[in-house]
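Subject: Structure handover

Hello,

Here is the structure I said I would pass on. Please have it open while you read the notes below.

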Amino acid sequence: YTHIAADPAAASVFNRAMVELTQLVAGEFLRHYDCSALRRIVDVGGGHGALLSTILNAHPQIHGVLYDLPHAIDSTRTQLANSALRTRMECIAGSFFDSVPAGADLYLLKSVLHNWDDTQAAIILGHCRRAMPAAARLVVIERMMPAHMQGTGRERAAARTDLNMMVGLGGRERTDAELAALLHNAGLQIAQSRPLGPEYMLIECVCA
């Protein structure tokens, strides 16, 4: 993402595209995940905060932290100054390869891990695990690759994205078993997994 950070026009196009993709998932997240007991959420690599702001607007008891690189959150920080969420949504610039803000009830990783190979994904998960209090949860939202392809529309979409991630970023989509192994090695275990819309899966993890 170095070229995006150095090119404001490219960063704007990229981040608008990510917002539109996230908005397709945000409503499904609210319908399928119980946020009523949450008080603090960190959206790790959350871009412009489309998912986090949707959650905060629906649950006024929650405070949120949007954590991403400066090119992703600088404009969001400016927009928040005149937003109803200005007292409940904090923007922190940083890299999840260095650290993740600590002390939240819930950590979100939406469409983050598929950007990276297994070594880099393990670093991201390790920093999330170290930031999590004992009772915290991590929710991973990703497209999942089937263990055996049957040719359904959902599987074809996952295969296209897998190829795109491989060519563009050196990342990949993963099967259930591959993701479970990454989580286990990071000290996390899957508490539940469910479809989220037509293409994504929600995987909730707890500290092992």
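By class, how many nonpolar, polar and charged residues does the lining of the second largest pocket have? There are 5 nonpolar and 6 polar residues in that lining, and no charged residues.

Before the rest, please keep in mind that this is a predicted model. The average pLDDT of the protein chain is 88, and 89% of the residues score at least 70. Confidence is highest in strand 1 (residues 40-44), at 98. The lowest confidence in the chain is in helix 1 (residues 2-5), where the mean is 60.

Helix 4 gives the most, with 3 residues.

A search of the whole structure for cavities of 30 Å³ or more finds 1. The volume of the largest cavity is about 50 Å³. The residues that line the largest cavity are L113, H114, E142, R143, M144, R172, E173, R174 and L179. By class, 5 of the lining residues of the largest cavity are charged, 3 are nonpolar and 1 is polar.

Then the aromatic rings. The count comes to 4 aromatic pairs. One of them is F96 with W116, an edge-to-face pair with 6.2 Å centre to centre and 85° between the planes. F96 lies in the loop between strand 3 (89-93) and strand 4 (106-110), while W116 lies in the loop between strand 4 and helix 5 (118-131), so this pair ties together parts that are 20 residues apart in sequence.

W116 also pairs with F97. The F97 and W116 pair is edge-to-face too, at 4.8 Å centre to centre and 90° between the planes. Because F97 is in the loop between strand 3 and strand 4, and W116 is in the loop between strand 4 and helix 5, the pair ties together parts that are 19 residues apart in sequence. Together, F96, F97 and W116 form one aromatic cluster.

W116 has a relative accessibility of 14%, so W116 counts as buried. F97 has a relative accessibility of 26% and therefore counts as partly exposed. The cut-off for buried is under 20%.

Two other loop residues are worth a look. S95 is found in the loop between strand 3 and strand 4. Its relative accessible area is 18%, so S95 is buried. Apart from neighbours within four places in sequence, S95 is in contact with Y67 and L69.

The other residue is H59, in the loop between helix 3 and strand 2 (63-68). Is H59 buried or exposed? H59 counts as buried because its relative accessibility is 18%. Not counting residues up to four places away in sequence, H59 touches L30, C35, S36 and R88.

Regards

Definitions and conventions
Residues numbered from 1 in each chain as written. Predicted model: local features only at pLDDT ≥ 70, side-chain atom pairs only at ≥ 80, totals over all residues. Heavy atoms only, no water. 1 Å grid on protein atoms, 1.4 Å probe; cavity = no way out; pocket = protein on both sides within 12 Å on 5 of 7 lines; lining within 4 Å. Points joined across faces, edges and corners; volume = space filled by probe spheres on them. Nonpolar A, V, L, I, M, F, W, Y, C, P; charged D, E, K, R; others polar. Phe/Tyr/Trp six-rings, centres within 6.5 Å; stacked < 30°, edge-to-face > 60°. Helix = DSSP H or I, 4+ residues; strand = E, 2+ residues; numbered from the N terminus. Buried < 20%, exposed > 50% of the residue type's maximum accessible area, 1.4 Å probe, protein only. pLDDT = per-residue confidence, 0-100. Contact = heavy atoms within 4.5 Å.
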